[in-house]
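Colleague: I have a structure to look through and would appreciate a guided tour. Could we put it on the screen before we begin?

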Amino acid sequence: MPKDNIERAIKNAMGKDQSDYKEVTYEGYGPHGVAIFVDTLTDNTTRTVGDVRSVFNKFNGNLGTQGSLSFLFDHKCVFTFKKTDGLDMDEMILDLIDYGVEDEYDEDEEENSITIYGDPSSFGAIQKHLEENGFEVTGAEFTRIPNDLKDVTPEERETIDKMIEKLEDFDDVQTVYTNMKPETIEE
């Protein structure tokens, strides 16, 4: 998420009663059939839906009803923590399965870190377990992971990237997710 978006959201929240804010997710298809999720935090849903809809319309997309694309994405919480010496990941995963953590994880040898994925409703319990067991958590967030990635041409990617940029320009938009296949880097 761009730093500017975070700073604007904080400034907006400081001047208003924070209980007025609602988390709202908008979803639809963007150009070239790419599925797009837009997570927002807003004090005015009428303004926000108008802003989001205008971008979808400008890029020949279709804003759908809430839940219409949920089958295309898995909603998960993600934790990244420093790997400790002698850590038995199989044993750790067995401990964490009770908290809704999946048995698959990513290991980054360069960063000496582990990334685990879990059920979003277990976010607090997973975080507490990691901290109580002395792990240095370096990242914790909610994310949407696409189940099926869509291939796009470089020209299509450029259009979709412009749409995402327009969406991220709005103060209320927190995160934008797509099922667009990541760009491959040719060596």
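Predicted model: local features only at pLDDT ≥ 70, side-chain atom pairs only at ≥ 80, totals over all residues.

Colleague: Understood. Which strands does helix α4 lie across?

Modeller: Helix α4, residues 123-132, lies across β4, β5, β6 and β7. Its direction runs at about 15 degrees to β4.

Colleague: In what order do those strands sit in the sheet?

Modeller: The order is β5-β6-β4-β7, in an open sheet of 4 strands with antiparallel pairing. The edges are formed by β5 (101-108) and β7 (137-146); each has a single partner strand, so one side of each is left without a neighbour in the sheet. On average, neighbouring strands here are turned by 25 degrees against each other, direction ignored.

Colleague: What holds strands of a sheet together in general?

Modeller: Strands pair through backbone hydrogen bonds, and the pairing is either parallel or antiparallel.

Colleague: And how many bridges join β4 to β6?

Modeller: There are 6 bridges between β4 (residues 73-82) and β6 (residues 113-118), and the two strands run antiparallel. As one point of reference, F81 stands opposite I114 in β6.

Colleague: What about helix α3: which strands does that one touch?

Modeller: Helix α3, residues 89-97, packs on the sheet and touches β4, β5 and β6. Its direction makes about 140 degrees with that of β5.

Colleague: Which residues of α3 are buried?

Modeller: They are M89, M92, I93 and L96. Seen down the axis of α3, these buried residues fall within an arc of 100 degrees, so they line one face of the helix.

Colleague: What do the buried residues of α3 pack against, then?

Modeller: Their partners are β4, β5, β6 and also α4. On the face of α3 turned away from the buried side, one finds the exposed residues D90 and L94.

Colleague: And what happens at the start of α3?

Modeller: There, a side-chain oxygen of D88 comes to within 3.2 Å of the backbone nitrogen of D90.

Colleague: New topic: how many aromatic pairs are there?

Modeller: The count is 4 aromatic pairs. One of them joins F37 and F73 edge-to-face, with 4.9 Å centre to centre and 75 degrees between the planes. This pair links distant parts of the chain, since F37 is in strand β2 and F73 in strand β4, 36 residues apart. Both F37 and F73 are buried.

Colleague: And how are F79 and F123 arranged?

Modeller: F79 and F123 form a tilted pair, 4.9 Å centre to centre with 35 degrees between the planes. F79 belongs to strand β4 and F123 to helix α4, 44 residues apart in the chain. Both F79 and F123 are buried. Together with F142, F79 and F123 form one aromatic cluster.

Colleague: One last topic, the loops. Where does H32 lie?

Modeller: H32 lies in the loop between β1 (22-29) and β2 (35-42). Its phi is near 65 degrees, a positive value in a residue other than glycine. H32 is partly exposed, with a relative accessible area of 37%.

Colleague: And where is N112 placed?

Modeller: N112 is in the loop between β5 and β6. N112 has a positive phi of about 55 degrees, although it is not a glycine. With 39% relative accessibility, N112 counts as partly exposed.

Methods
Residues numbered from 1 in each chain as written. Heavy atoms only, no water. Pairing = 2+ DSSP bridges. Axes fitted to C-alpha atoms, helices over the stretch in contact; angles between N-to-C directions. Contact = heavy atoms within 4.5 Å. Buried < 20%, exposed > 50% of the residue type's maximum accessible area, 1.4 Å probe, protein only. Arc of directions from axis to C-beta. Polar contact = N/O pair within 3.5 Å; in protein donor to acceptor, adjacent residues only side chain to side chain. Phe/Tyr/Trp six-rings, centres within 6.5 Å; stacked < 30°, edge-to-face > 60°.
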